Amino acid sequence: MHFLSSGSPSGLSALSLFLLSDLLGTTAGAAIQPRAVPAPYVAASYYPAPHGGWADDWADAYEKALKLVSQMTLAEKTNITGGTGFFMGPCVGNTGSADRLGFPQLCLQDGPLGVRTTDNVTAFPAGITTGATFDKKLMYERGVALGQEFKGKGVNMYLGPSVGPLGRKPRAGRNWEGFGSDPVLQAFAGAETVRGVQDQGCIAVLKHLIGNEQEIQRMFNVGQQGISANIDDRAMHELYLWPFAEGVRAGTAVVMTSYNAVNGSASSQNAYSINGLLKEELGFQGPVMTDWLAHMSGVASALAGLDMSMPGDTQIPVLPGTAYFMYEMTRAALNGSVPMDRINDMATRVVAAWYKLGQDKDYPRPNFSSNTRARTGLLYPAAVFSPSGVVNQYVNVQADHKIIAKQVAQEAITLLKNNGSLLPISTSAPIKVFGTDAQANPDGINKCTDKSCNKGTLGMGWGSGSADYPYMDDPISSLKRKAGNVEFWNTDSFPKNLPDATADDVALVFISSDSGENSYEVEGNHGDRDKSGLKAWHNGDELVQKAAEKYSNVVVVVHTVGPIVMEPWINHPSVKAVVFAHLPGQEAGDSLTEVLFGEVSPSGHLPYTLPVSESDYPESVGIVPNGLGQPQDTFSEGIYIDYRYFQKNGVKPQYAFGHGLSYASFAYSDVRVQAVTPLTTVPPARPAKSGDPIAAMNNTIPPASEALRPEGFKDIFRYRYSFLAENDAKNAYADGAAGKKYPSLPPGYSTTQKEAGQTPAGGPSGGNPALWDVAYVVSLTVTNNGTAHAGKASTQLYVQFPATDNAKYDTPVLQLRDFAKTAALAPGESEAVELTIRRKDVSVWDAELQNWVVPNPEGRFKFWIGDASDSFGAVCYSDSTACETGVPGPL
Ligand code: BGC
């Protein structure tokens, strides 16, 4: 068999290919073929991988990168596009280097809310909490603080933000790492995080491209294929790709693929999503890496546009020491299986990302180990014989980041209900606190690996998106600090024999709901909330019900990863107030109690819809169980997820997307809309590509000598290197010279770069720049017209498209398009607010035209302005540019 010979053109290791082909019934070439997914979900063939180097915002970085890469040997080029192996370095991912030319190993580390598996860092509020602030400035500032901490630890690449999953499935395990179930909220928060992190010089890795909407069966393994997210082209563009487009536009230097397949083709080797959507349409210029152990093929994935393998192993980690890239990529280049322009493009993308962030100038080296907390330890734990050394320097990178962490936690606090203005309560009230969620885990705040237990205050979900708490400011400590009369029952079973309640008693009941990554099972939940569903954990419903039977003033505080069903108690007359504190990270205490006691008004808003019952959702967003063959997850609800679905189908939610009360009250005045850029049905033509510097490189196959170890080089067992043994190099080169080709090139394979005109929606760094033209600006004055409390107002703008008979352009009733938050306004105080509607915001994706279309540029677009998707204070009309207040919303 060709792939077992040492001159194999396959670019795959024999063992892994054996396992894959035997157990999955596939070869590297066949693996990129769409599988038996239902029509019309297609992973269209898209070749070749678009070259980088044609976007202005990357021009300087490419100029430098091209110079450096041109001096590299083949083995140096392939060394920097692969990981050195799982547990083969200090970080969760470590690339090879090109030391001779001063290009270092790069350190890649999780995760979205803090530097994972290390000490002396801040455990920031999770993404979902950040989304609930509806505050772009805070989103940015959290990113700044994260970027500083990752850089301080010597991390080159921050493995975040996560903008996929989008939160299509309420039970999905990792929604909380992202920012909410709406593409625009997700996109702004992701983009601001990218900016914040990268403004500190740390590279952001936008993840996971794409469709990672459930955890169960997310991965391909030797026994079963990963789930296929079957997404139609319109939903792909209008929902799932949208946050990636904004993140690429914000300058993210790297993108990570997902574990699942998309339309039948595994994401790490999906030519449609990597080559077609990301690199050609969104004009992404940086490297694309796999998720961990999601790499499935050598040549096939490189041709499909993958640039970096992480952590460098095949799907069987560590033990065999094998890789799909590294030495196999050197071989695949020499034997002509992967064209040299692809190799040069891969290496240049990696180096350009490094230069773009200025990491060539004094960027710190990793000073921690994600493998151990001891000061000294193995440098390469996965090697059989590893040298040891100092691996942890315990550098404290927290600075004053607890301030921004607390602010995010606080401004996310979402007051859903406040009957009779029970909140704020007085610090002298008799307060009875129930629920283990009120107090930090008594076994230790970092007791469970990657937070794979739900014990004590839930500050984050579990998995690679977690970080260690330096401390946990838990609610009970804060309550006791602030109030004089607090009693706490640290139990989730309502205590018996309590003294009689008095009319003044206020019961605070803490409940939670957790989820995480499929790598752990927690209380029967496999990442997704497959067991608990949307019910509060630990019998939370009963705890609330019993408290409500006893006390007449009950405040429910919820720490949760996502929606929960509150039906069993929400309408109980004693349950007067409900507060969602989301996942606050380390600052769970004062951030909450300052709101409960009225030092500040709540200003968070729901980043998803809360249903009355789980059956309110379409069936298609349920968790697809494990099964024989490839589980098919067909996104048949199309563009109708979350509030888009509820509104279209007239389903009344318990609380609507965007909902959140304040102690203050706000009024709108001076509402105006101004037309800025006149609209046409399709956007103006995209710009041409500014050149193709990769094509201008030396793209001939180099001599076999470029693949060899430098003299005297000593290997570490199982470490992944890009060097070939002399015979392998010679044989591979001979195969190439003899014109032997990779035996299973994908259908539609081509080596001719596409012209710009072939992708009308495409363009540099995000797509056609005209999509960002400002079409309308809405301005208004927001006034705190209350008398007692200062507060921050969240202003949300939803677009309603003109009615149409053309089913092709059927649109959701309302779609969030922009939002802004005021400063804290004292009673009587006002602030001017501006909201922007861009061309893309009034466009739909036309799958036939493969372009964005404004269905009716002269028609009446309505811009609804309010504080929730069901609560509006004003509306403006695009055709007359008139605005009105006091008009009820469209529903
Ligand atoms: C997760 C990624 C993470 C990576 C590295 C994977 O399991 O899906 O989000 O960055 O591990 O830890």
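**Charges, fold and aromatic pairs**

Modeller: The mean positions of the 69 positive and 89 negative charges of the protein chain lie 3 Å apart. Lys and Arg count as positive, Asp and Glu as negative, with His and the chain ends not counted. Each charge is placed at NZ of Lys, CZ of Arg, CG of Asp or CD of Glu. This is a predicted model: local features need pLDDT of at least 70, side-chain atom pairs count only at pLDDT 80 or more, and totals for chains, interfaces and linings use all residues. Residues are numbered from 1 along each chain as its sequence is written, and side-chain values use heavy atoms, leaving out hydrogens and water.

Colleague: What percentage of the 891 residues counts as buried?

Modeller: Buried means under 20% relative accessible area, with a 1.4 Å probe and protein chains only. Of the 891 residues, the buried share is 66%.

Colleague: How many aromatic pairs does a search of the whole structure find?

Modeller: Rings of Phe, Tyr and Trp (its six-membered ring) pair if their centres lie within 6.5 Å. The search of the whole structure gives 30.

Colleague: Why is the pair of Trp242 and Trp852 edge-to-face, and not stacked?

Modeller: Planes under 30 degrees apart count as stacked, over 60 as edge-to-face and the rest as tilted. The ring centres of Trp242 and Trp852 are 5.9 Å apart. The pair is edge-to-face because its planes stand at 85 degrees.

Colleague: How many residues apart are Trp242 and Trp852?

Modeller: The pair links distant parts of the chain. Trp242 is in helix α9 (residues 242–249) and Trp852 in strand β25 (residues 851–853). Helices (H or I, at least four residues) and strands (E, at least two) are DSSP runs, numbered from the N terminus. The separation in residues is 610.

Terms used. Buried < 20%, exposed > 50% of the residue type's maximum accessible area, 1.4 Å probe, protein only.
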